[in-house]
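Q: I would like to learn how to read salt bridges in a model. Can we work through one structure?

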Amino acid sequence: MESTPTTAKKKVAADRHPLAVAFGEYLKSVRKDSDKSQAELAFDASMDRTYISLLERGLSAPTLLVLDSLAKSLDMTMTALMGGFEAQLPQSLRRASVQR
């Protein structure tokens, strides 16, 4: 059976992790609030614009080094970037508190 563009697109969408999608949506909103294009953010963070696009579409998940670079490029700390992400995360994607 030959894959059509529609089925190929559905497969990609099904492969995206919900946390990666949620982070991508958050990154896009923070970038737009900073009045930066994907190209500007990519340049400031020393990344390729296509990588920023992959992050925003939830097709890639950032490493700690990438998060640090993105935060600096958005004039934020990594703690502020991730705290803002966690604050807007739907309850269904949050982990239960762990007692130690």
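Confidence and salt bridges

A: Start with confidence. This is a predicted model; the protein chain has a mean pLDDT of 86, and 81% of its residues reach 70 or more.

Q: Over which residues does pLDDT stay under 50?

A: That holds for residues 7-12, and the model has 2 contacts beyond four places in sequence for them.

Q: How many salt bridges does a search of the whole structure find?

A: The general idea comes before the count. Side chains of opposite charge can pair when their charged atoms come close. In this structure the search finds 3 salt bridges. One of them joins Glu-56 and Arg-31, with N to O at 2.5 Å. Glu-56 belongs to helix α4 (residues 49-56) and Arg-31 to helix α2 (residues 18-33), so this pair ties together parts 25 residues apart in sequence.

Q: Are Glu-56 and Arg-31 buried or exposed?

A: Both Glu-56 and Arg-31 are buried.

Q: What is the salt-bridge partner of Asp-44, and how far apart are the closest N and O atoms?

A: The partner is Lys-36, and the closest N and O atoms are 2.5 Å apart. Asp-44 is partly exposed, at 41% relative accessible area. Lys-36 has 18% relative accessibility and therefore counts as buried, since the cut-off for buried is under 20%.

Q: Where do Asp-68 and Lys-72 lie?

A: Both residues are in helix α5 (residues 64-73), 4 residues apart, which is about one turn of the helix. Asp-68 is partly exposed, with a relative accessible area of 28%, whereas Lys-72 is exposed at 56%.

Conventions. Residues are numbered from 1 along each chain as its sequence is written. This is a predicted model: local features need pLDDT of at least 70, side-chain atom pairs count only at pLDDT 80 or more; totals for chains, interfaces and linings use all residues. Side-chain values use heavy atoms; hydrogens and water are left out. pLDDT is the predictor's confidence in each residue, from 0 to 100. Contact means heavy atoms within 4.5 Å. A salt bridge is a side-chain nitrogen of Lys or Arg within 4 Å of a carboxyl oxygen of Asp or Glu. Helices (H or I, at least four residues) and strands (E, at least two) are DSSP runs, numbered from the N terminus. Buried means under 20% relative accessible area, exposed over 50%, partly exposed in between (1.4 Å probe, protein chains only).
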